[in-house]
Amino acid sequence: MSYKIFTASDFIHEQKNNLPQVKHSLQLFIAEHDFYAISDQILDCLSNNITLDIVISSLNNKKSLRLVNLFNRIVQFGGSVYWKVDHNLYQNGVHFMIIDKTFIINKTDYYSGQSD
């Protein structure tokens, strides 16, 4: 099995292009505004019985009504949603998407001293 890691110059564009390729599972660590940009494609994946785990990266614990409604739809389809407040990760753009546990799209090359 081959694994690929890719750092995207346009994170949202790469996510939108690669979401239709998901066959089994999707894991996201993503900022709230990026989540809104791809939420329609994420909901389409769920209708295809994709296993979905999302962690929303934020600077605070405030959640909009729109966001809560999207979370509820994802959970109703069997997905999991988590909320992570971490200023360092958020500000350094440490966000990524993992497709079928074999392909990773990074938002940045930021390295925090932890191993892959």
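## Contacts of Leu 26

Contact here means heavy atoms within 4.5 Å. By this criterion, and leaving aside residues up to four places away in sequence, Leu 26 touches Leu 19, Ile 50, Thr 51, Leu 52, Asp 53, Met 97, Ile 98 and Ile 99. The structure is a predicted model, in which local features need pLDDT of at least 70, side-chain atom pairs count only at pLDDT 80 or more, and totals for chains, interfaces and linings use all residues. Residues are numbered from 1 along each chain as its sequence is written, and side-chain values use heavy atoms, with hydrogens and water left out.

## Nonpolar core

A nonpolar core is a set of buried Ala, Val, Leu, Ile, Met, Phe, Trp, Tyr and Cys residues joined through side-chain atoms within 4.5 Å; buried denotes under 20% relative accessible area (1.4 Å probe, protein chains only). The largest such core has 27 residues, and those with the most contacts inside it are Leu 26, Phe 35, Ile 42 and Ile 54. Among the elements that each supply at least two residues of this core are strand S2 (25–31), helix H2 (32–46) and helix H3 (65–76). Helices (H or I, at least four residues) and strands (E, at least two) are DSSP runs, numbered from the N terminus. The largest share, seven residues, comes from H2.

Phe 35 is buried, with a relative accessible area of 1%.

Note on methods. Buried < 20%, exposed > 50% of the residue type's maximum accessible area, 1.4 Å probe, protein only.
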